[in-house]
Amino acid sequence: MLESVQDIEWMTRALRQAARGLYTTTPNPRVGCVLVKHGQVIGEGAHLRAGEPHAEVHALRAAGEQAKGSTAYVTLEPCSHFGRTPPCADALVQAGVRRVVVAMQDPNPLVSGNGIARLQAQGIAVTLGVCEDQARALNPGFVQRMTTQRPYVRLKLAASLDGRTALANGESQWITSAEARQDVHHWRAQSCAIITGIASILKDDAALTVRAVATQRQPLRVIVDSQLRIPLSAKALQDGNALVAYAQGDAAKLEVLNVMGVRTLHAPNGHGQVDLGLLMQTLTALPCNEVMIEAGATLNGAFLQSGLVDELLMYYAPKLMGDQARGMFALPSLQQMSGVHDLTVLELRQFGQDIRIQARLRD
C-alpha cells in the first residue's frame, strides 16, 4: 500500500492521542482517533480507561455535526461488538463519516476484520495499514495476548559494564544512576504486573510500586515464592494488590494472605519450583497485557530458558565489579555458539552516565 503524506501525518497525530493511555487503558488496547475535514482537525480523542468511551466516541463528540463527510484516522480497527460500550463502527456510520483510515486490524481473532466489513457494507471507504508498525509497537501486550494467549514479557536488568548485578555479598544499591532508575518507573507504569523472586523480597523488601510517574493505577506485584517464605509484613503485600505463586506452603499462612486480599497461586512444577508457564497462563486470564520481570539471576535464567521472555531492558552503568560479583542470568554452560540467545537491538539511550539497551529475543 502506498501511504499518502497526509494520511501518515494525521495517523501520526492519532498515535500521539493513543499514547495518552499508555499507563491507564489496560487490559484494553491504547487507541487514538483524529477526525479531519477540509484539511483541518475537527475532533480527536483517546481511549483512556476500560469501561470509558472509546477514542472514536471522544472524537465524534468533539466534532459534533461537522463529523458528516469527514475522514477518521483510527489506530486500531473500530470495534463491531457490544462490550462495555456500543460498537464504534456503528457510531462512525451514524455520524456520516465518509472515509476511515485504520492503522491495524484488531488482532482478536473473534472480531478481526468485522469492524472494517461493517464500515464497508455501509459504503464507507476504508484504508488499512497506515503506520501499522507504529500502532503495533504501541500495543505489544494486547497484540500478543490476542494472538498467542500470553502477555508480552520484558525483563529488566541493572548491571555494571562487565555484566554484574550485585557484589558477591549481595550489595547492589545503587549500580545505576537516579536518571536510569527513574526511567524504570516508566516501564513499570505501563506494565500490568511486575514479577520478582522471593530472594529479592527477603533481601530488599522492595515495594515494586510506580513512584516517579504520575499514574492512578499500580501494577499487580507477583512474587515467585516456591516454599511460601514471604513475610506477611513485606511491603509488596500491604495493599493487597499482589499475587504469590508457590509450590508448597503452610495452610495457615495462605489463609492470612487471603484475608489480606493477596491472591495466591498453587503452581508446582514437579521439581519443587513454581511452574512459570502456569503462572503466565494465570496472568493472561486476569487479563494482563504487559509484564515486567525485576528479579535475580536464578529467576531471570529460569524465565529465559522457559522461552517466556520477549524483550530485555538492560541498564549498564560505567562501573566494573569483577568476576566474583553476581551475574545477570543463571544459565547452564554452553558448548557451542549455536546455543546462545540471540538478540535484536531495538534502541540504545543514555540516562545520565548510564546506557539502556532495549533488545528483543529472536525467535
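The chain is divided into domain 1 (5–140) and domain 2 (150–361), with bounds that come from an automatic or database domain assignment. This is a predicted model, in which local features need pLDDT of at least 70 and side-chain atom pairs count only at pLDDT 80 or more, while totals for chains, interfaces and linings use all residues. Residues are numbered from 1 along each chain as its sequence is written, and side-chain values use heavy atoms, with hydrogens and water left out.

**View 1. The interface of domain 1 and domain 2.** The centres of domain 1 and domain 2, taken over C-alpha atoms, are separated by 35 Å. Nine residues of domain 1 are in contact with 14 residues of domain 2, contact meaning heavy atoms within 4.5 Å. The area buried between the two domains is about 940 Å², and carbon and sulfur atoms give 53% of it; buried area is the accessible area (1.4 Å probe) that two parts lose on being put together, summed over both. Of the area that domain 1 buries against domain 2, 61% is supplied by Tyr-23, Thr-26 and Pro-140, more than by any other three residues. Across this interface the rule finds one salt bridge, defined as a side-chain nitrogen of Lys or Arg within 4 Å of a carboxyl oxygen of Asp or Glu.

**View 2. The salt bridge of Glu-290 and Arg-30.** The closest N and O atoms of Glu-290 and Arg-30 are 2.7 Å apart. This pair links distant parts of the chain, with Glu-290 in strand β11 and Arg-30 in the loop between α1 and β1 (32–37), 260 residues apart; helices (H or I, at least four residues) and strands (E, at least two) are DSSP runs, numbered from the N terminus. Glu-290 is buried because its relative accessible area is 1%, and Arg-30 likewise counts as buried, at 6% relative accessibility. Here buried means under 20% relative accessible area, exposed over 50%, and partly exposed in between (1.4 Å probe, protein chains only). Arg-30, Arg-154, Glu-290 and Glu-311 are linked in a network of salt bridges.

View 3. Arg-99 lies in strand β4 (residues 99–102) and Asp-7 in helix α1 (residues 5–18), 92 residues apart, and both Arg-99 and Asp-7 are buried. Asp-310 forms a salt bridge with Arg-150, where the closest N and O atoms are 2.9 Å apart. Because Asp-310 lies in the loop between α11 (297–305) and β12 (311–317) and Arg-150 in the loop between α6 and β6, the pair ties together parts that are 160 residues apart in sequence. Asp-310 and Arg-150 are also buried.

**View 4. Helix α6 and its cover.** Seven of the nine residues of helix α6 (residues 140–148) are buried, so this helix is largely enclosed by the rest of the structure. The buried residues of α6 are Pro-140, Gly-141, Phe-142, Val-143, Gln-144, Arg-145 and Met-146. What covers them includes α5 (132–138), β6 (152–160), α10 (276–285), β11 (290–293) and β14. Helix α6 is followed by Gln-149, whose phi is positive, near 55°.

**View 5. The surroundings of Ala-72.** Ala-72 is found in strand β3 (residues 71–74) and is buried, with a relative accessible area of 0%. Leaving aside neighbours within four places in sequence, Ala-72 is in contact with Val-34, Leu-35, Leu-92, Val-97, Arg-99, Val-100 and Val-101. Ala-72 and Cys-33, 39 residues apart in sequence, are 6.8 Å apart in space, C-alpha to C-alpha.

**View 6. The loop that holds Trp-174.** Trp-174 is found in the loop between β6 and α7 (178–190) and is exposed, with a relative accessible area of 53%. Leaving aside neighbours within four places in sequence, Trp-174 is in contact with Arg-181 and Lys-319. Trp-174 and Val-184 are ten residues apart in sequence and 14 Å apart in space, C-alpha to C-alpha.

**View 7. A nonpolar patch on the surface.** Val-345, Leu-348 and Ile-355 form this patch, with about 270 Å² of accessible area together. Patches are made of residues with over 30% relative accessible area and no salt bridge, like charges being joined within 9 Å and nonpolar side chains (Val, Leu, Ile, Met, Phe, Trp, Tyr) within 5 Å, and accessible areas come from the Shrake-Rupley method with a 1.4 Å probe, where for residues only the protein chains shown count as cover. Ile-355 lies in strand β14 (residues 354–361) and is partly exposed, with a relative accessible area of 35%.
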